[in-house]
Amino acid sequence: MGDISYSNGTNNANGNGNGNGNGVNGKAHSVLNGYRKSCWYEEEIEENLRWSFALNSILHTGATPYQDIALLDTKPFGKALVIDGKLQSAETDEFIYHECLVHPPLLHHPNPKSIFIMGGGEGSTARELLRHRTVETVVMCDIDEEVVQFCKSYLIVNSEAFCDPRLELIINDARAELEHREEQYDVIIGDLADPIEGGPCYKLYTKSFYELIVKPRLSKEGVFVTQAGPAGIFSHTEVFSCIYNTLRQVFKYVVPYSAHVPSYADIWGWIMASDTPFELSADELDLRIKQRIKGENRYLDGKTLSSASTLSKAVRQSMDNETHVYTEGTARFIYGHGHGSAYKQN
């Protein structure tokens with residue numbers, strides 16, 4: 001679903017001379033006596049809606065046995081990692097996603113020492129976890145070694161995290177790894193690709209996985225958190241609401257929350273779950289941030305987290321009324337397809 005195209009203001013790649021190709025604006029950019037080529041990335045968010053932005057360059061494209069990958073140097077968002085035609089993170093705003101994923105469950109836990117990450121191959125989740133003074137062990141389990149090595153090579157912002165002795169990197173299917181391990185963890189994090197049809201991750205959003213694999217691996221007062229896809233006024237019914245309802249069947253306390261991530265062109269959602277209530281006030285969260293986390297958060301503080309869990313009226317009502325339970329046989333997917341998405345250079 002992710003396309004790369006060029007326009008030069010006079011002729012597009014298809015040679016029809018109208019200055020437009022693949023839905024990209026072909027407006028001419030005068031540079032001395034010629035035209036400056038514009039290179040654009042375009043992602044199809046839904047059938048009648050596309051999101052595009054200009055590129056400085058294409059740093060790398062390739063394919064692993066599991067997924068297609070690309071690293072783009074974008075004009076509005078800096079370096080951007082794209083997997084299976086879906087933008088995963090961008091340099092300028094990835095801190096929003098990763099602070100929201102990591103810090104809420106760790107702050108709500110009384111003393112988080114051991115963490116298990118499902119996915120997280122780019123290393124940003126580990127980076128945020130390792131800022132916590134209480135953390136002693138982080139197990140990062142990603143199925144795709146090529147993506148991990150790719151991110152280690154190109155995303156230098158996370159190089160320190162990959163070298164931290166507290167980090168144990170495992171290349172394996174997260175489900176198989178959790179089944180095999182006997183240890184329990186204070187926090188388990190689902191930093192997984194979105195559930196897309198044909199993708200490798202949708203089975204890790206199911207009730208049976210949460211009930212039989214995740215929950216038994218949590219220690220007393222343990223917290224589970226997962227990224228849960230788009231959470232906008234229209235998009236939240238794709239997967240956010242049913243992941244929320246699925247977790248309600250397994251855990252006593254479930255909290256959905258969301259934030260705007262500009263490079264995603266939408267509100268994004270995360271869901272925390274535990275059998276211990278989430279009772280900290282904004283001031284108590286701020287105190288724990290000060291006591292536990294090295295350095296300053298760029299996005300998240302107590303008030304931000306408290307407000308993030310206050311969803312809009314329409315979304316709140318929809319979430320409360322959701323009845324769908326996510327199983328392998330009744331899976332929902334966000335728009336798009338898995339391995340096999342094409343990058344076109346027109």
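Author: The chain exposes about 15,100 Å², with carbon and sulfur atoms supplying 47% of that. Keep in mind that this is a predicted model.

Reader: What share of the 346 residues in the chain is buried?

Author: Buried residues come to 54%.

Reader: Why is Leu-311 called buried?

Author: Its relative accessibility is 11%. The cut-off for buried is under 20%, so Leu-311 counts as buried. You'll find Leu-311 in the loop between helix H9 (302-308) and helix H10 (313-321).

Reader: What makes Phe-240 a contact of Leu-311?

Author: Contact takes heavy atoms within 4.5 Å, and Phe-240 is on the list for Leu-311 once neighbours within four places in sequence are set aside. Pro-256, Tyr-257, Ser-258, Arg-316 and Met-319 are on that list too. As for Ala-231, 80 residues away along the chain, its C-alpha atom is 9.4 Å from that of Leu-311.

Reader: How do you know whether His-109 is buried or exposed?

Author: Check its relative accessible area: 3%. Buried means under 20%, so His-109 is buried. His-109 also sits in a loop, between helix H1 (94-108) and strand E9 (114-119). Beyond four places in sequence, its contacts include Asp-186, Ser-219, Lys-220, Arg-288 and Arg-292.

Reader: What makes the pair formed by the side chain of His-109 and the backbone nitrogen of Asn-111 a polar contact?

Author: A polar atom of the His-109 side chain lies 2.9 Å from that backbone nitrogen. The limit for such a pair is 3.5 Å, so the distance of 2.9 Å passes.

Reader: Why are the buried residues of H3 said to line one face of the helix?

Author: The buried ones in helix H3 (residues 145-154) are Val-147, Val-148, Phe-150 and Cys-151. Looking down the axis of H3, they fall within an arc of 160°, so they line one face. In general, an α-helix has 3.6 residues a turn, so residues three or four places apart point the same way.

Reader: Which elements do those buried residues of H3 pack against?

Author: Among them are strand E5 (49-63), strand E6 (68-74), strand E10 (137-142) and helix H4 (159-163). At the start of H3, a side-chain oxygen of Asp-144 comes within 3.2 Å of the backbone nitrogen of Glu-146.

Reader: How many cavities of 30 Å³ or more are there?

Author: The count is one. The largest cavity has a volume of about 80 Å³. Of the 11 residues lining it, the closest to its centre are Ile-83, Asp-84, Ala-193, Asp-194 and Ile-196.

Technical notes. Residues are numbered from 1 along each chain as its sequence is written. This is a predicted model: local features need pLDDT of at least 70, side-chain atom pairs count only at pLDDT 80 or more; totals for chains, interfaces and linings use all residues. Side-chain values use heavy atoms; hydrogens and water are left out. Buried means under 20% relative accessible area, exposed over 50%, partly exposed in between (1.4 Å probe, protein chains only). Accessible areas come from the Shrake-Rupley method with a 1.4 Å probe; for residues, only the protein chains shown count as cover. Helices (H or I, at least four residues) and strands (E, at least two) are DSSP runs, numbered from the N terminus. The arc is that of the directions from the helix axis to the C-beta atoms. A polar contact is a pair of N or O atoms within 3.5 Å; within protein, one must be able to donate a hydrogen and the other to accept it, and residues adjacent in sequence count only if both atoms are side-chain atoms. On a 1 Å grid over the protein atoms alone, a cavity is a set of points where a 1.4 Å probe fits but cannot get out, and a pocket is an open set with protein on both sides within 12 Å along at least five of seven lines; lining residues have an atom within 4 Å of a point. Grid points are joined across faces, edges and corners, and a volume is the space filled by probe spheres set on the points.
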